[in-house]
Amino acid sequence: MPLVPPYIESLRPYEAGRGIEEVRREFGLTRVIKLASNENPLGPSPMALERMRRSVNTLNLYPNGGLDLRSELARQYDVRVENVIAGSGSEGIMSNIIRAFLCDEDEVLTTESAFIGFQVLAKSRGVAYRTVPYKDWHYDLEALARQVNERTKIIYLANPNNPTGTIFTRMEFDRFYAHVPERVLIILDEAYFDYAKDNPRYPDSMHYRYDNVITLRTFSKVYGLAGVRIGYGFAHEELIANLLKVKLPFEPSTLAQAAGIGALADKEFLHRSLELNTRGIRFLTESLRAKGFEVPPSDANFVMAVFPDEQEARRITDQLLRKGIIVRHLTAFGLPQAIRISTGTDEENQLLVDALAGESTG
Ligand SMILES: Cc1ncc(COP(=O)(O)O)c(C=O)c1O
């Protein structure tokens, strides 16, 4: 008898980007910078850290399942606590969505080369996983709507999208939504919401509180808390009630919940992080395009550079690594001809561009 089902046997585990220490040792470097995992280069939110410090004396007690953070989110977003969930990163909530709502015969529909974390989670459920190609590196919502069939249960949309950095617009989403039956759950993954929210064409999903739309957000990116594992989501109370049935009873941890509550108040850090990122996106996009690289417009905290072929993308990735700069080659996503570069500090962004001196295509 096989140990695991065939869809687990054939699954490749999520591979995180390479770590700074590992690269430092392998190449004998003194300084290594990581622009590979869309983290905040300014470190964690100071108010999150302060709140975590204050919570350590209660660590002998079990947490309350995220209730404090859910209540604070409900207050700030003017929704009911029954419409809010908190979990171990937005991926933790994604995992619960997949567990709670998918039956064996259901199908998941999304774009090609979708966020790798979602790909791994959805495929680990063993249901049909269908994709449509990008249209000019954007979600093709028209094609996605056409692909919905009677077995489609979940449509996953990341906006802004990882790894392309692109967004779909309000108009595109409105048209798409009109074609999707209400029985289909739409996950709107807004991990990069804060970076995109000031774009007037960006559809903030809090303005689309439809019964079948689940919004997912995270403290991992702009609040610099990726190591803490804390994310949240908004949805109809029936969907949230079902997610609460399958989530780990004590997720999120006391420290994670405290971090989230502290971060929500840290407007100064948010502002500083967004300002730095806006400069970084502009600088990286312009500098890489000036070299002839194809760089789709990004509303997130990273840019994607597309090369003529896999060999070229791999060569650039390796060359940067030897110079102590870690970027993400996108083979695992299904885009071997592309790399993803997160924004760093101004100095780190400059080092990246300097390390590419002499490189150009076209
Ligand atoms: C689109 C997208 N969704 C979700 C996540 C994961 O976020 P979290 O750290 O909250 O699990 C990421 C992280 O890279 C992401 O890019």
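Trainee: How many residues of β7 are buried?

Mentor: Please keep in mind that this is a predicted model. One side of β7 carries V213, T215 and R217, and the other carries I214, L216 and T218. Both faces are covered, as the residues on either side are all buried. The strand is thus mostly covered, and the number of buried residues is six of six.

Trainee: In which sense do β6 and β7 pair, parallel or antiparallel?

Mentor: In general, strands of a sheet pair through backbone hydrogen bonds, in either of two senses. Within this pair, I187 stands opposite I214 of β7. Four bridges link β6 and β7, and their sense is parallel.

Trainee: Which residue of β8 is the bridge partner of T218?

Mentor: β7 and β8 run antiparallel and are joined by four bridges. R217 stands opposite Y232 in β8. For T218, the bridge partner in β8 is G231.

Trainee: Which strands stand at the edges of the sheet?

Mentor: The sheet is open, with mixed pairing, and its seven strands follow the order β2-β8-β7-β6-β5-β3-β4. Two of the strands have a single partner each, so one side of each is left without a neighbour in the sheet. On average, neighbouring strands are turned by 20 degrees against each other, direction ignored. The edge strands are β2 (84–87) and β4 (128–132).

Trainee: What angle does the direction of helix α5 make with that of β7?

Mentor: Helix α5, residues 89–101, packs on the sheet. It touches β2, β5, β6, β7 and β8. The angle between its direction and that of β7 is about 155 degrees.

Trainee: Which strands does helix α6 touch?

Mentor: Helix α6, residues 116–123, also packs on the sheet. Its direction makes about 145 degrees with that of β4. The strands it touches are β3, β4, β5 and β6.

Trainee: Which residue has the nearest side chain of opposite charge to K221?

Mentor: K221 is buried yet has no salt bridge. Its contacts include S37, N38, N40 and N301, and its side chain makes a polar contact of 3.5 Å with that of Y192. A salt bridge requires a distance within 4 Å. The nearest side chain of opposite charge is 7.1 Å away and belongs to E39.

Definitions and conventions. Residues are numbered from 1 along each chain as its sequence is written. This is a predicted model: local features need pLDDT of at least 70, side-chain atom pairs count only at pLDDT 80 or more; totals for chains, interfaces and linings use all residues. Side-chain values use heavy atoms; hydrogens and water are left out. Buried means under 20% relative accessible area, exposed over 50%, partly exposed in between (1.4 Å probe, protein chains only). Lys and Arg count as positive and Asp and Glu as negative; His and the chain ends are not counted. A polar contact is a pair of N or O atoms within 3.5 Å; within protein, one must be able to donate a hydrogen and the other to accept it, and residues adjacent in sequence count only if both atoms are side-chain atoms. Contact means heavy atoms within 4.5 Å. Two strands pair if DSSP finds at least two bridges between them. Axes are lines fitted to C-alpha atoms, for helices over the stretch in contact, and angles run from 0 to 180 degrees between N-to-C directions. Lists of a residue's contacts leave out its neighbours within four places in sequence.
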